[in-house]
Amino acid sequence: MVIVDQTGTILLVNSQTEKLFGYPRAELLGQAVEVLVPPRFRSKHPGHRNQYFAEPRPRGMGAGLELYGLRKNGDEFPVEISLSPLETPEGLIVSGSIRDLTERRRAEAKFRGLLESAPDAIVIVNQTGRIVLINSQTERLFGYARGELLGQPIEILVPQRFRPQHAGDRDGYFDEPRVREMGAGLDLFGIRRNGDEFPVEISLSPLETEDGLLVSSSIRDVTDRKRAERTLQEKNVELERASQAKDRFLASMSHELRTPLNAIIGFTGTLLMRLPGPLTADQEHQLQTVRSSARHLLSLINDLLDLAKIESGKVEIDTESIACQLVLNDVVTTLRPLAEVKGLMFELSMPAQDVMVRTDRRAFSQIMLNLANNAIKFTEAGLVRLEVSANSGFVEVRVIDSGVGIKAEDQQKLFKAFSPVAAATRRSDGTGLGLHLSQKLAELLGGSISFSSEFGRGSTFTLSLPQG
C-alpha cells in the first residue's frame, strides 16, 4: 500500500511495500511516487496522476496495459495496481494497492507454452461464453486470426443450426462443471471462417481462476477418421455381402458336389467287390485309383465346408462331460487298419480310471482322427501311440509317432490354412487344412493344440481341453 497526495509525494507505506521494493520506509516517505516507476514510464506518469485526481474513483490503473514497478536495486517487475481516492482534512489523497505479478506471469507463460504445444485446438471461454484465450492450432483449424476470436461468443465457431441449443448446453455445463467429452454419442461439427463445416471431437475441462470459472475446450478435427470409418463401414457391408454369397454357394454346391462323389465311391466299391463280375488286375488297380481320388476330393470338400462354417461362426458346439476312453477307442478302431497295412504298432495308453473331458464329442473325435491319421500317414516304421493325462484342470491327449518329423523351416506354417507340409520321402497329398481346422475347433472348445518335433526322429502333437 502506497498513499500519495496530489503532488505525487509519498505520504505513507506499509511493511509489504518495503519488502516488495527493497526500500526502508524512511527512504520512501516524502519522495515522489515516480521513484517506484521505471525511468521509461516516468515522463508520462505525472500526467496520468493528474488525470486521476481530476476524476477520482476506485479503479484499476492502466487497464489492459502492462505495468511495471522498479526496485531499489534496479530490477523491474510486473505489477497490478488498484487506486482508491481518500478524502482527508488536508485534502484528497490516493491509496495505491500494488501487487507483484511475477509469479502469475511466469505461470501464465508456462500455461501459454502448454497451450501452444498442444496438438489440438484449445479454446478457453468465460461464464458468458466469450472467448478469452486460444492457441495457434485454433487459428489454423478455424481460419481466424487470434484478434478476430478473442472477446467473441464461442458460438462463432458453431454452425448456425446448432447455435440456439448451444447456449443452453453451455449454461448447463457451468452449472455442473467436470472433465468430460462434449456431446458423447453425437455428431459434432465446427465451422470455419470461410463457412466450411467439419466434424469435431470436443473435450471440456473446468478451470478455477482468480477471474472466476473458465472452461477449456480441446477441439480435434476428425474429418480423416470419419472418412476412414465410412470407408471401413462400406467395406464391411461389401464383405458381409460377399460372405453371404459364399455361404449360399457352399450350401448349394455341397449337396451338388457330394452326391455324385458318394455315388462314384459307392459304385467303385461295388465293382471292387466283384459283385457285377470278375476284374483283371489292371481294372482293379484303376478302380482303386478312382476310389482313392474320389475320397480325397470328398475330404477336400468337407474340409472347405467345415472351414467356411468355422470362419462364419456357424459351427454349433454342444459341450458335455465325456469319457476320453469312449472317443479314443473309436479313433483307434477306425484307424487301426491303416496302421496295420503299413506294419505300424498303434497303441492307446490310458489311466485305469475314466478321464472325463468337457467337450463336444463330434469336434473332439474329428480333431483326434486328424492328428492320429497324420501320424500314421507320415510314419513309415515304428509306432503311433495315444497317451492321456490330466493336470491342473486340463486333460492332455498326446499323439506320439516315430515318423520323419518336421523340418524347422516348415514348423512355422504348420497350422496355416492351405499349407501342406511334405514328408521327407514324398510330397504331401493333403489339403493343408487338417491341422488348421483342428486348431480352430480346439479353440472353440476352450483348448489348444501344441507340438514338438525333431526332424528324422518323430513328432508329438498335444491336444489340451478343459477337464470335465
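Is Lys-342 buried, partly exposed or exposed? Lys-342 counts as partly exposed, at 28% relative accessibility, where buried means under 20% relative accessible area, exposed over 50% and partly exposed in between (1.4 Å probe, protein chains only).

The structure is a predicted model, in which local features need pLDDT of at least 70 and side-chain atom pairs count only at pLDDT 80 or more, while totals for chains, interfaces and linings use all residues. Residues are numbered from 1 along each chain as its sequence is written, and side-chain values use heavy atoms, with hydrogens and water left out.

Side chains of opposite charge can pair when their charged atoms come close. A salt bridge is defined here as a side-chain nitrogen of Lys or Arg within 4 Å of a carboxyl oxygen of Asp or Glu. The structure contains 26 salt bridges.

One of them joins Lys-342 to Glu-380, at 3.6 Å from N to O. This pair links distant parts of the chain, 38 residues apart: Lys-342 lies in the loop between α11 (324–341) and β14 (345–349), and Glu-380 in the loop between α12 (361–377) and β16 (383–391). Helices (H or I, at least four residues) and strands (E, at least two) are DSSP runs, numbered from the N terminus. Glu-380 is partly exposed, with a relative accessible area of 42%.

A further salt bridge connects Glu-387 with Arg-398 (3.5 Å, N to O). Glu-387 belongs to strand β16 and Arg-398 to strand β17 (residues 394–401), eleven residues apart. Salt bridges with shared partners unite Glu-347, Arg-385, Glu-387, Glu-396 and Arg-398 in one network.
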